Amino acid sequence: MDTSPKPLVSFDVGKPYTIHLSDGNTFKAFVHAEDKHSTIVCLETIPDAQLVIISSLNVKSVSPVNDNREKRSWPSNPSIDFARLRQDQERAVRDERDKFSRLGVGVSSTAQVIFDTLSKTLPCQWEHDIIVILNSVRLRPPYDSKSISGD
């Protein structure tokens with residue numbers, strides 16, 4: 001059984017209200033958002049346009065503002081291209097996987113710097129602690145000219 005306190009009031013998003021708080025404060029505001037679960041309300045005060053977040057549990061009463069001067073045209077919801085968002089997400093995931101595949105596991109910072117430098121101009125991959133260049137050249141620790149071998 002849910003025993004959490006319930007707000008005494010409910011708001012219509014986008015409408016102006018005169019809001020009376022339980023501490024005695026009163027102000028006018030447009031409602032930007034209301035989360036009934038957390039009892040949080042986001043308001044824009046009239047006339048100074050300050051954003052305020054309050055708990056609806058602290059609201060004693062509300063009354064709609066019927067003054068025609070307190071009208072506002074709210075922007076319509078933007079059109080969202082979900083196919084493009086999906087492509088952007090897939091590209092971002094692919095880019096992050098590529099970044100992680102270039103990280104050597106258990107290698108020194110010097111080895112990683114050498115790998116990063118080589119991979120700017122040549123295709124490289126890690127094979128444990130060995131840098132494989134062009135799928136045929138292997139650079140082993142200590143990553144100097146004596147530790148290069150080719151297939």
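# Reading helix α2 and its surroundings

Analyst: Start at helix α2: its buried residues pack against β6 (124-127) and β7 (130-133). Keep in mind that this is a predicted model.

User: Which residues of α2 are buried?

Analyst: Buried means under 20% relative accessible area. In α2, residues 109-119, that holds for Ala 111, Gln 112 and Phe 115. They lie on the same side of α2, because they cover an arc of only 100 degrees around the axis.

User: What does the face turned away from the buried side carry?

Analyst: Exposed residues. They are Ser 109, Thr 110 and Val 113.

User: Let me step back. How many helices and strands does the chain have?

Analyst: Two helices and nine strands. Read from the N terminus, the order is β-β-β-β-β-α-α-β-β-β-β.

User: How do I read a sheet? In what order do the five strands stand?

Analyst: The general idea comes first. Strands of a sheet pair through backbone hydrogen bonds, either parallel or antiparallel. Here five strands make an open sheet, ordered β4-β3-β2-β1-β5, with antiparallel pairing. β4 and β5 (59-64) are the edge strands, and each pairs on one side only. On average, neighbouring strands of this sheet are turned by 45 degrees against each other, direction ignored.

User: Take one pair. Over how many bridges do β1 and β2 pair?

Analyst: Five, in the antiparallel sense. β1 covers residues 16-21 and β2 covers residues 26-35.

User: Now the side chains. Which residues make up the largest nonpolar core?

Analyst: Remember the general rule for strands. In a regular strand the side chains alternate between the two faces of the sheet. The largest nonpolar core has twelve residues: Val 9, Phe 11, Tyr 17, Ile 19, Leu 21, Phe 27, Ala 29, Val 31, Val 41, Leu 43, Ile 54 and Val 59. β1, β2 and β3 are the elements that give two or more residues to this core. Apart from this core lies another, of eight residues, including Cys 124, Ile 131, Ile 133 and Leu 139.

User: Which side chain does a polar contact join to Arg 138?

Analyst: That of Glu 127, at 3.1 Å. Arg 138 also touches other residues, among them Ile 130, Ile 131, Val 132, Ser 147 and Asp 151.

User: Last, the chain totals. What percentage of the residues count as buried?

Analyst: 26% of the 151 residues. For contacts, take those between residues at least 6 apart in sequence: 31% of them join residues at least 24 apart.

Terms used. Residues are numbered from 1 along each chain as its sequence is written. This is a predicted model: local features need pLDDT of at least 70, side-chain atom pairs count only at pLDDT 80 or more; totals for chains, interfaces and linings use all residues. Side-chain values use heavy atoms; hydrogens and water are left out. Two strands pair if DSSP finds at least two bridges between them. Helices (H or I, at least four residues) and strands (E, at least two) are DSSP runs, numbered from the N terminus. Axes are lines fitted to C-alpha atoms, for helices over the stretch in contact, and angles run from 0 to 180 degrees between N-to-C directions. A nonpolar core is a set of buried Ala, Val, Leu, Ile, Met, Phe, Trp, Tyr and Cys residues joined through side-chain atoms within 4.5 Å. Buried means under 20% relative accessible area, exposed over 50%, partly exposed in between (1.4 Å probe, protein chains only). The arc is that of the directions from the helix axis to the C-beta atoms. Contact means heavy atoms within 4.5 Å. A polar contact is a pair of N or O atoms within 3.5 Å; within protein, one must be able to donate a hydrogen and the other to accept it, and residues adjacent in sequence count only if both atoms are side-chain atoms. Lists of a residue's contacts leave out its neighbours within four places in sequence.
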